[in-house]
Amino acid sequence: MCDIRLFRRAYMDYCSAVNLLKIPENDESYLNNVAYHLQQSVEKTLKAFLECVGVTVPNTHDIDKLVRMSRDNGSRVILTEWIKEKADMLTRWETDTRYDMDYYVEAERVQEGVAGVREFLEINGLKKDLRSELSDPALKERLGSFFPKDYVPKDDFEWNCLYQIFSKRL
């Protein structure tokens with residue numbers, strides 16, 4: 001069974017980005033930090049799904065590479081068009097926002113990123129509210145049959161992640 005903590009960290013990076021935008025310091029340098037957290041959210045989500053299918057993930061921040069690895073290795077991640085189209089931009093957000101002192105992400109791109117990453121996370125079940133499919137007790141019980149003995153997810157977020165991981169077997 002894969003480690004849910006990486007999914008949780010991916011979600012927290014997204015929440016950090018959203019919360020940073022609420023602070024009224026919206027200069028371009030500040031927006032770089034928001035973009036960085038959005039990139040980290042996508043990177044960690046892709047890596048978490050790869051680990052769940054037994055892939056040893058290389059030390060990379062290259063979103064396009066992780067997308068290709070996800071496709072090639074049967075990852076259960078659902079790739080949105082935005083993620084596929086913006087993979088190169090997201091990769092730049094990891095390095096350029098931190099190391100290139102002349103690189104600034106525009107506010108419009110950051111807002112687009114928030115929406116794109118939110119859609120990506122939600123479609124993959126990375127959200128706090130229990131996904132509607134799991135309101136069916138029989139389905140939840142069937143999903144629970146895939147877990148190790150005595151394992152009970154601690155919250156709806158974990159249930160959502162595990163549903164996505166095991167959905168093919170349901």
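Me: What is the angle between H2 and H5, and how far apart are their axes?
Reply: H2 and H5 pack at about 135°, and their axes are 8 Å apart. Axes here are lines fitted to C-alpha atoms, for helices over the stretch in contact, with angles running from 0 to 180 degrees between N-to-C directions. Helices are DSSP runs (H or I, at least four residues), numbered from the N terminus. This is a predicted model, in which local features need pLDDT of at least 70 and side-chain atom pairs count only at pLDDT 80 or more, while totals for chains, interfaces and linings use all residues. Residues are numbered from 1 along each chain as its sequence is written, and side-chain values use heavy atoms, with hydrogens and water left out.

Me: What do you call that orientation of H2 and H5?
Reply: H2 and H5 are oblique to each other. Angles under 35 degrees count as roughly parallel, over 145 as roughly antiparallel, 65 to 115 as roughly perpendicular, and the rest as oblique.

Me: Is the crossing of H2 and H5 left-handed or right-handed?
Reply: H2 passes H5 in a left-handed crossing. Left-handed applies if the near helix is turned anticlockwise from the far one by less than a right angle, right-handed if clockwise.

Me: Which residues make the contact?
Reply: From H2 they are Asn-32, Ala-35, Tyr-36, Leu-38, Gln-39, Gln-40, Val-42 and Glu-43, and from H5 Leu-90, Thr-91, Trp-93, Glu-94, Thr-97 and Arg-98. Contact means heavy atoms within 4.5 Å. By class, the contact of H2 with H5 has six nonpolar, five polar and three charged residues. Ala, Val, Leu, Ile, Met, Phe, Trp, Tyr, Cys and Pro count as nonpolar, Asp, Glu, Lys and Arg as charged, and the others, Gly among them, as polar.

Me: Now H1. At what angle does H1 cross H6?
Reply: The H1 and H6 axes cross at roughly 150° and come within 11 Å. That makes H1 roughly antiparallel to H6. Tyr-11, Tyr-14, Val-18 and Leu-21 in H1 meet Val-110, Gln-111, Val-114, Val-117, Arg-118 and Leu-121 in H6. By class, this contact of H1 with H6 has eight nonpolar, one polar and one charged residues.

Me: What about H1 and H8?
Reply: Helix H1 (residues 4–22) and helix H8 (residues 156–166) have axes that come within 10 Å and cross at roughly 115°. They are therefore roughly perpendicular to each other. H1 passes H8 in a right-handed crossing. The contact involves Ile-4, Phe-7, Arg-8 and Tyr-11 of H1, with Phe-157, Glu-158, Cys-161, Leu-162 and Ile-165 of H8.

Me: Is Ile-165 buried or exposed?
Reply: Ile-165 is buried, with a relative accessible area of 12%. Ile-165 touches Cys-2, Ile-4, Phe-7, Phe-49, Cys-52 and Arg-76, not counting residues up to four places away in sequence. Ile-165 and Cys-52 are 113 residues apart in sequence and 7.2 Å apart in space, C-alpha to C-alpha.

Me: Which residues of the largest nonpolar core touch the most other members?
Reply: Phe-7, Leu-46 and Leu-126 do, out of 52 residues in that core. A nonpolar core is a set of buried Ala, Val, Leu, Ile, Met, Phe, Trp, Tyr and Cys residues joined through side-chain atoms within 4.5 Å. The largest share of this core, nine residues, comes from H2.

Me: What is Leu-126 in contact with?
Reply: Leaving aside neighbours within four places in sequence, Leu-126 is in contact with Phe-7, Ala-10, Tyr-11, Thr-45, Phe-49, Leu-121, Phe-157 and Cys-161.

Me: Last one: where is Asp-150?
Reply: Asp-150 is in the loop between H7 and H8. Asp-150 counts as exposed, at 71% relative accessibility. Its phi is near 70°, a positive value in a residue other than glycine.

How values were computed
Helix = DSSP H or I, 4+ residues; strand = E, 2+ residues; numbered from the N terminus. Buried < 20%, exposed > 50% of the residue type's maximum accessible area, 1.4 Å probe, protein only.
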